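Please look through the sequence and the structure below before reading on. The paragraphs that follow go from one part of it to the next.

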Amino acid sequence: MTFGISRRRFLTNSAASGVAVAMGANTLGRAEREDPMPPPGEREAPVVPGGAALRWLEDQGRSPFAGVTWGVPWPMGRVASGSPFAVFADDETPVACQSWPLAYWPDGSLKWSAHAIGPIETLAEGARVQPGVEPATPTTPVRVEDEHEQVTISTGPIRCVIARSGDVLIPSVERDGRAAFRNGRLACLNQNAPSDPEEAPSGCSVQPFAGAIDAVEVEQDGPVRAVVKIEGRHTGEDGRAWLPFIVRLYFYAGCDSIRVMHTIIYDGDEDADFIRGLGLQFDVPMDDALFDRHMRFVSAEGGVWGEAVQTVTGLRRDPGEHVRALQIAGQKLPDPASWDENVGGRMHWVPAWNDVTLTQLSADGFEIRKRTKPGCGWIFSDGADRAAGVGYVGGVSGGVAFGLRNFWQSHPTQLDIRNAASDSATVTMWLWSPEAPAMDLRFYHDGLGIEGHAEELKALGITYEDYEPGFGTAHGVARTSEMNLWIAGHTPPNERLIEFARDVMTPPMLACWPQHAVQCNIFGGLFSLPDRSTPVKAALEAGLDRSYEAYFTQREQRRWYGFWNYGDVMHSYDRDRHVWRYDVGGYAWDNSELSPDFWLWYGYLRTGRADIFRFAEALCRHTGEVDVYHLGRFQDLGSRHNVQHWGDSAKQLRISQVAYRRFYYYLTADERTGDLLAEQEDNAMTFLRLDPLRKIREGDYTPNPDAVVVHLGTDWGAVAMATLTAWERTGDDRFRRKLINSMESIGRMPYGYFTDGALMNPKTLEYVHWDEKYGMSHLSAVFGLNEICAELVQLLNVPSFEKAWLDYCQYYNATRAERKEALGVDLRSGILVNGHSRLTAFAAVHRNSEALAHRAWRELLAGDSEQFSPDRFEPVNRLIDAGPESLKPVNETNWMSTNDIGMWGTATIQDLALVSEYLPRDFPDRD
């Protein structure tokens with residue numbers, strides 16, 4: 001048994017490598033491997049006339065355990081709706097594929113297409129997807145039998161039965177006609193009080209709940225890929241039904257594994273429902289001899305803990321080297337009668353280890369224990385830093401390998417194998433370990449005596465927290481987890497199990513090249529390829545590289561991990577304590593404040609870097625689920641930055657908006673992310689339920705179904721982006737009409753985007769009344785407004801709207817006198833000047849103004865100094881060692897907030913895409 005490198009060496013390596021840290025320093029994570037080649041965006045991409053070249057995200061070249069699904073963009077007018085697609089390997093061998101549309105351009109041509117292939121042992125660089133060519137079909141297509149009581153999926157190697165009712169989701173899976181998996185079900189343990197003995201001195205009661213099916217839908221039925229969606233709630237013996245779930249099962253032609261996407265939505269009472277355990281359970285038939293049954297766990301560092309249920313090694317008597325070697329390899333042992341008689345005839349006195357448990361209660365340590373049977377004591381077996389979340393139970397006749405992605409990152413987690421010595425072992429993949437304290441989702445303070453909006457605003461001025469009684473609730477937030485089940489025909493060799501673990505931790509993914517994405521002019525054309533051709537451009541690219549590395553390093557050093565935390569980043573830093581302000585009101589978890597999502601996704605699109613993609617993926621999965629409400633009072637709204645992800649009373653669309661999710665959806669065709677986009681299609685209706693400006697509004701205001709206040713900054717941007725996304729995904733003209741209504745009405749406003757307040761009809765999105773006064777907020781354009789307006793100007797011809805937007809872009813960062821002269825309004829200058837340089841750059845392009853282009857660079861690079869300096873892109877990196885100042889070694893830089901990194905990075909990327917030709921070549925000479 002081995003678990004790889006030591007924690008000390010791991011920490012040393014982590015500090016030295018931003019790429020390693022991006023993957024959490026997983027030895028199995030492909031992005032950790034040092035790659036001497038520049039990222040794809042800085043290499044020469046293959047040219048595919050009319051098609052798109054493909055590459056592996058992490059350059060692994062294969063996906064042997066599961067199929068792969070990915071998205072590809074296309075230029076407007078290139079690919080007609082309904083066109084077939086084919087995938088070819090580098091040697092022109094056709095690869096069986098399945099394709100479907102994800103989005104359309106206004107002319108009806110395809111904007112994004114999705115593609116799926118089955119498991120593949122080798123697919124070298126040079127593969128391509130080609131529109132207009134009929135696809136190859138799989139040798140053994142996926143077959144779906146959709147019946148009244150069940151759905152049956154056959155992939156070739158396996159046959160899976162999915163129930164349409166009851167509390168067993170997957171009654172059976174067979175491999176080659178042999179029962180291999182039974183009774184796949186969801187488990188929840190609910191505790192009626194917190195685990196703290198001071199709060200529950202008399203103890204707690206724990207009630208089990210099982211996931212009961214409400215609905216089953218076949219979303220795809222082959223020939224390469226099949227998807228089944230199961231919805232339901234967890235039910236208890238008392239009849240209570242709560243904790244809604246969505247489970248999707250993914251199958252691929254020729255594949256012997258099942259991918260499981262599991263989502264729960266918390267709808268409990270935080271003061272009474274403390275989840276003690278949450279997981280997926282299933283049974284594995286065990287019909288081999290005890291010494292031919294095996295259990296395995298894999299560490300994140302690539303080591304394997306492998307033992308038999310009844311071991312023949314280490315005994316006082318030796319069965320023979322050949323016998324021992326076979327058991328270690330997981331292969332069938334010869335008849336015990338052929339062993340040394342002092343061993344074969346005494347095996348009934350060798351204990352059979354019935355149960356084994358791996359617990360990962362923090363990001364820094366896991367432990368393995370086992371016992372012979374209930375009623376007997378547990379013994380410690382082994383432990384290390386981080387587990388891969390992968391295990392196996394079965395025998396030489398077959399078994400099941402199972403994996404939970406982001407296992408240690410999403411602690412507390414646990415893997416249980418029970419009854420391995422019986423005729424049916426039970427596996428539980430605990431998403432929340434029952435050995436950890438129960439989930440405590442209560443608000444973190446008692447209100448501090450704050451009463452009324454006036455005091456709430458005063459409190460905001462000290463902790464930056466927007467508090468309101470009853471608003472800091474987790475009721476309605478969600479969490480999605482990803483699992484894999486490999487139905488193995490025999491106990492896999494350790495090397496093969498490590499390969500499986502690698503694919504669980506870092507699922508293989510295909511992607512187009514950045515050069516193709518840039519040529520397609522997607523996402524408003526606001527990104528370009530990296531360019532280091534001049535000293536100033538090289539400094540900007542290096543600054544972007546360091547900005548990513550800074551956050552990757554901080555996540556690892558600060559342990560931004562945990563079931564509810566993983567994926568998010570912190571907002572601002574406390575340099576006195578040398579910690580992020582994790583406990584200070586509105587300065588803690590970022591919740592997409594100032595849109596670091598754009599900085600990450602544009603960064604990936606232009607470079608093709610896997611570490612950026614994986615960081616953005618985790619952020620997207622977190623912010624779309626945990627920071628947003630999916631049911632209840634605040635449904636479809638998100639929570640502003642806070643000590644708890646749901647703690648702030650500012651429930652707004654700027655956090656829940658689809659702008660942060662659509663990148664991931666189009667790149668991966670992920671169905672759960674598609675759910676999140678669909679949830680927002682009519683998000684303007686949320687203004688009927690909650691007024692985001694209720695604490696500062698003057699005068700009487702009552703929203704009504706025909707007129708709600710929707711400000712033209714963060715609110716309108718979120719509504720417009722949701723509507724645009726719905727239009728391009730569905731092609732439904734009613735969404736286009738809504739956009740036109742809204743754009744034309746903005747164009748009619750005398751002050752355009754400088755209008756202070758306006759009433760919108762939430763059903764049509766037309767503004768029906770606006771105030772004859774003006775205003776300007778520094779936040780209006782840094783939550784996706786520039787991004788949605790860039791796309792609308794590109795896609796829809798509404799000249800009055802374009803003028804209104806370009807006026808805002810040109811004059812936000814202008815001098816007060818310039819604004820007054822041009823617009824007739826006297827507005828003081830805004831802040832976040834460098835972040836708004838992208839608006840100036842956009843105006844420069846569309847108004848063909850060299851002066852505005854130069855001004856944009858001055859705003860980004862020089863600020864008030866009127867001089868560019870490379871020092872702006874050289875973060876002062878200071879190592880704080882463990883000791884009186886800090887608990888552990890940590891890095892600090894002068895870029896320690898989302899203002900400094902996320903917003904600056906987004907502006908830099910967009911400025912480079914829009915006005916790079918006006919960027920000075922060299923820095924001025926300095927004394």
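**A walk through the model**

Tyr753 touches Leu712, Trp716, Ile746, Gly775, Leu785, Cys789, Phe801, Ala804, Trp805 and Tyr808, leaving out residues up to four places away in sequence; contact here means heavy atoms within 4.5 Å. This is a predicted model, in which local features need pLDDT of at least 70 and side-chain atom pairs count only at pLDDT 80 or more, while totals for chains, interfaces and linings use all residues. Residues are numbered from 1 along each chain as its sequence is written, and side-chain values use heavy atoms, with hydrogens and water left out.

Tyr753 also belongs to the largest nonpolar core, which has 217 residues; Trp716, Tyr753 and Trp805 touch the most other members. Helix 14 (residues 714-730) gives the most to this core, with nine residues. A nonpolar core is a set of buried Ala, Val, Leu, Ile, Met, Phe, Trp, Tyr and Cys residues joined through side-chain atoms within 4.5 Å. Buried means under 20% relative accessible area, exposed means over 50%, and partly exposed lies in between (1.4 Å probe, protein chains only). Helices (H or I, at least four residues) and strands (E, at least two) are DSSP runs, numbered from the N terminus. In soluble globular proteins, nonpolar side chains tend to be buried together.

Five strands form an open sheet in the order 4-3-7-1-28, with antiparallel pairing. Strand 4 (94-95) and strand 28 (510-512) are its edge strands, each pairing on one side only. Two strands pair if DSSP finds at least two bridges between them. Strand 3 (residues 85-88) and strand 7 (residues 128-131) run antiparallel and are joined by four bridges. Within strand 7, Val129 is the bridge partner of Val87.

Thr480 lies in strand 27 (residues 478-488). Is Thr480 buried or exposed? With 5% relative accessibility, Thr480 counts as buried. Its side chain makes a polar contact with the side chain of Thr263 (2.6 Å), and another with the side chain of Glu625 (2.6 Å). A polar contact is a pair of N or O atoms within 3.5 Å; within protein, one must be able to donate a hydrogen and the other to accept it, and residues adjacent in sequence count only if both atoms are side-chain atoms. Neighbours within four places in sequence aside, Thr480 is in contact with Met261, His262, Thr263, Arg621, Glu625 and Arg672.

Charged pairs come last. A salt bridge is a side-chain nitrogen of Lys or Arg within 4 Å of a carboxyl oxygen of Asp or Glu, and by this rule the count comes to 71. Glu791 lies in helix 16 (residues 785-795) and Lys111 in strand 6 (residues 110-117), so the pair ties together parts that are 680 residues apart in sequence. Glu791 is buried, at 2% relative accessible area, and Lys111 counts as buried at 2%.

Glu219 forms a salt bridge with Arg248, with the closest N and O atoms 2.8 Å apart. This pair links distant parts of the chain, since Glu219 is in strand 13 (residues 206-221) and Arg248 in strand 15 (residues 241-252), 29 residues apart. Glu219 is partly exposed, with a relative accessible area of 28%, whereas Arg248 is buried, with 2%.
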